[in-house]
Amino acid sequence: LNDVKQLAIETPLVNLKQDFNMLFLRPKGKLAYPWGSVYLNKQNRLFDLTTLAFMEFCKKYQLNFTLSQNEPVDHFSLMLVALIHCMELDEAEENTSLNDFNESLCEHPETDRAATLLKLHLLPWSGRFLSLVVENSESKFYGAAPQLSQILLEQLKQDYQISLEPVVLYK
């Protein structure tokens with residue numbers, strides 16, 4: 001973590017901006033698309049069925065995002081925000097059910113939100129996205145930051161004992 005912080009400090013801002021633009025904003029084709037639908041759709045389209053499935057997941061658990069532009073919600077960073085929220089909800093629900101024996105208050109605990117999000121919506125494609133960021137980054141900063149995400153996601157996969165079904169990635 002200190003290495004990433006040091007890289008952010010040492011790398012000129014203009015280089016970080018250039019790298020960011022090449023990776024995520026370039027109009028002629030981004031080098032690392034941060035939306036899951038691009039990897040999971042044969043035509044690499046945004047707003048595909050996987051986006052709709054994640055939108056349904058968010059709706060079911062009242063995860064609302066207000067986006068400034070008309071972008072798909074299956075964005076890597078939005079999924080991380082949703083994951084943190086799901087983890088907090090799961091933990092609060094687990095604590096409530098452990099501390100309160102009144103069945104009516106917690107008849108149907110849904111303490112698998114985070115695992116479901118990881119297994120169905122984030123882990124199937126995020127490894128590919130993160131590896132593309134590492135491979136295509138010109139600055140060492142954008143090469144190192146995704147490695148932290150990879151470590152975190154791998155640890156969560158182990159913690160939640162998630163086994164993934166193989167999926168075809170198209171990008």
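C58 is buried, because its relative accessibility is 4%; buried means under 20% relative accessible area, exposed over 50%, and partly exposed in between, with a 1.4 Å probe and protein chains only. The model is predicted: local features need pLDDT of at least 70, side-chain atom pairs count only at pLDDT 80 or more, and totals for chains, interfaces and linings use all residues. Residues are numbered from 1 along each chain as its sequence is written, and side-chain values use heavy atoms, with hydrogens and water left out.

**Cysteines**

- C86 also counts as buried, at 0% relative accessibility.
- The closest cysteine sulfur to that of C58 is in C86, 7.6 Å away, which is too far for a bond.
- Seen from C86, the closest cysteine sulfur is in C58.
- A disulfide is a covalent bond between the sulfur atoms of two cysteines.
- The search of the whole structure returns zero disulfides, a disulfide being a pair of cysteine sulfur atoms within 2.5 Å.

**Overall fold**

- The chain has seven helices and zero strands. Helices (H or I, at least four residues) and strands (E, at least two) are DSSP runs, numbered from the N terminus.
- The pattern along the sequence is α-α-α-α-α-α-α.
- The C-alpha atoms fill a box of roughly 60 × 40 × 35 Å, taken along the principal axes.
- The chain has 171 residues, and 37% of them count as buried.
- Contact means heavy atoms within 4.5 Å. Among contacts between residues at least 6 apart in sequence, 66% join residues at least 24 apart.
- The accessible surface of the chain is about 10900 Å², and 53% of this belongs to carbon and sulfur atoms. Accessible areas come from the Shrake-Rupley method with a 1.4 Å probe; for residues, only the protein chains shown count as cover.

**Nonpolar core**

- The largest nonpolar core holds 38 residues. Such a core is a set of buried Ala, Val, Leu, Ile, Met, Phe, Trp, Tyr and Cys residues joined through side-chain atoms within 4.5 Å.
- Residues with the most contacts inside this core are F54, L117, L118, L122, F129 and L153.
- Two or more core residues come from each of α1 (2-10), α2 (13-25), α3 (36-40), α4 (49-60), α5 (76-99), α6 (113-136) and α7 (140-159).
- The most come from α6, which gives 10 residues.
- F54 is in contact with V73, D74, M79, A82, L117 and H121, leaving aside neighbours within four places in sequence.

- H121 sits in helix α6. Its relative accessibility is 10%, so H121 counts as buried.
- Beyond four places in sequence, H121 is in contact with A53, F54, F57, M79 and T116.
- S149 belongs to helix α7. S149 counts as buried because its relative accessibility is 17%.
- S149 touches F76 and L130, not counting residues up to four places away in sequence.

- Side chains of opposite charge can pair when their charged atoms come close.
- The structure has two salt bridges. A salt bridge is a side-chain nitrogen of Lys or Arg within 4 Å of a carboxyl oxygen of Asp or Glu.
- One joins the side chains of D90 and R113, at 2.9 Å from N to O. This pair links distant parts of the chain, with D90 in helix α5 and R113 in helix α6, 23 residues apart.
- D90 and R113 are both buried. For R113, the relative accessible area is 7%.
- R113 also meets E93 in a salt bridge, at 3.2 Å from N to O. Here too distant parts of the chain are linked: E93 is in helix α5, 20 residues from R113 in helix α6.
- Leaving aside neighbours within four places in sequence, R113 is in contact with F57, Y61, C86, L89, D90 and E93.
- R113 and Y61 are 52 residues apart along the chain, and their C-alpha atoms are separated by 8.1 Å.

**Surface patch**

- L49, L52 and M55 form a nonpolar surface patch with about 300 Å² of accessible area together.
- Patches are made of residues with over 30% relative accessible area and no salt bridge; like charges are joined within 9 Å, and nonpolar side chains (Val, Leu, Ile, Met, Phe, Trp, Tyr) within 5 Å.
- M55 lies in helix α4. M55 counts as partly exposed because its relative accessibility is 37%.
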